[in-house]
Amino acid sequence: MAHGRVLQSGAMTGVPPHVEPSAEVRPFSWSASRHDTFASCRRRYYYSYYGSLEDEEIRRLKKLSALPMWAGSVVHDTIESFLRTNDAVPSPEEQEAFIRSVVHSNMVTDWRESEAGSLRFRLFEHEYEIPVEQEDKRIAVNVVMRSLKNFFRTETLRHALEVGRGQWLALEDLVSFHVGDVEVFLRMDLAFRGRYGRVNIVDWKTGRGEGRFNEVQVAGYALYATEKGWVGDPEEISTELSYLVIPKAVRRPVTRKMVEHARSFVTRSAGDMKALLLDPTVNRARLEDFPMIDRPQVCRRCNFRRLCFPRAEEASGAGGSTVGGR
């Protein structure tokens with residue numbers, strides 16, 4: 001794969017060689033997922049956060065969901081819906097019926113819409129005509145079923161319902177705070193004040209391994225909670241990464257040192273991102289300033305591979321689907 005190849009214009013893509021947002025773009029902001037994208041591929045970062053603002057096809061490709069991401073999204077959406085409408089743990093029979101409904105109704109609907117080329121939901125595998133084996137589908141369904149079964153068994157769920165939603169501070173809320181002049185976004189799956197006044201922040205996980213930026217993510221939660229006045233000191237916060245498939249709960253204490261490290265991390269990361277901008281004052285970017293990578297295994301699983309390799313995307317090999325999770 002040629003490093004730094006510029007997107008070609010023409011009928012195959014419908015995308016001009018330089019997609020530059022206008023001056024009226026969104027202000028620069030930072031998130032852990034944005035950092036992860038920037039670290040994995042500069043070109044993918046450009047398409048995700050700049051090209052997609054101006055071009056409908058890039059925006060559509062950005063929304064593609066690979067099987068593992070789909071399973072994770074189904075779990076998170078289902079948990080959010082349950083917590084918004086229930087105040088008690090259902091009986092085992094009700095849990096089973098609830099999970100069956102998610103699989104046989106929600107997931108089947110998504111799958112059929114994706115096969116039909118829906119704009120609402122489209123799987124990466126269908127978009128790029130990657131054969132999906134029956135075993136791949138079984139694994140995705142199993143991730144959802146195991147995750148939801150184990151969710152209902154978690155001590156955290158019982159604790160949150162016990163204290164009551166009057167003590168809940170966030171539920172799948174996209175929130176922001178500032179580190180210097182940089183706005184930082186994060187999404188809290190669940191935050192609530194426990195029996196003894198401590199703030200508990202929970203992140204549901206459908207993968208089996210810890211991500212690279214979990215410590216920064218956790219510290220970001222602490223920064224936000226402190227700024228909002230939920231606690232007077234970051235050490236009054238308990239964080240939990242709840243791995244639902246395994247199942248396993250990783251609880252971490254928050255320290256002042258961790259929070260200060262997160263501030264420095266965000267500042268450095270944001271500086272690296274801004275350094276590639278054509279005009280940092282208006283958050284304007286230019287495609288050719290964001291080079292491609294030379295990692296075939298990564299490229300062939302990227303939503304934007306059609307834009308980078310318009311003539312050779314199929315010849316480069318589709319590759320199999322991977323199973324993991326958020």
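Serine 65 sits in the loop that links helix H3 (56–62) to helix H4 (67–85), helices being DSSP runs of H or I with at least four residues, numbered from the N terminus. This is a predicted model, where local features need pLDDT of at least 70 and side-chain atom pairs 80 or more, while totals for chains, interfaces and linings use all residues. Residues are numbered from 1 along each chain, and side-chain values use heavy atoms, leaving out hydrogens and water.

Student: Why is serine 65 called buried?

Tutor: Its relative accessible area is 9%, and buried means under 20% (1.4 Å probe, protein chains only). So serine 65 counts as buried.

Student: Which residues does serine 65 touch, leaving out those up to four places away in sequence?

Tutor: Trp70, Phe121, Arg122, Leu123, Phe124 and Glu125, with contact meaning heavy atoms within 4.5 Å.

Student: What makes H1 oblique to H2?

Tutor: H1 (residues 32–40) and H2 (residues 42–54) pack at about 140°, axes 6 Å apart. Under 35 degrees is roughly parallel, over 145 roughly antiparallel, 65 to 115 roughly perpendicular, and the rest oblique. The pair therefore lands in oblique.

Student: Which residues touch the most other members of the largest nonpolar core?

Tutor: Of its 59 residues, those are Trp30, Tyr47, Met188, Ile201, Trp230 and Ile237. A nonpolar core joins buried Ala, Val, Leu, Ile, Met, Phe, Trp, Tyr and Cys through side-chain atoms within 4.5 Å. Helix H9 (residues 214–227) gives the most, eight residues. Apart from that core lies another of 32 residues, including Leu83 and Phe121.

Methods:
Axes fitted to C-alpha atoms, helices over the stretch in contact; angles between N-to-C directions. Helix = DSSP H or I, 4+ residues; strand = E, 2+ residues; numbered from the N terminus. Buried < 20%, exposed > 50% of the residue type's maximum accessible area, 1.4 Å probe, protein only.
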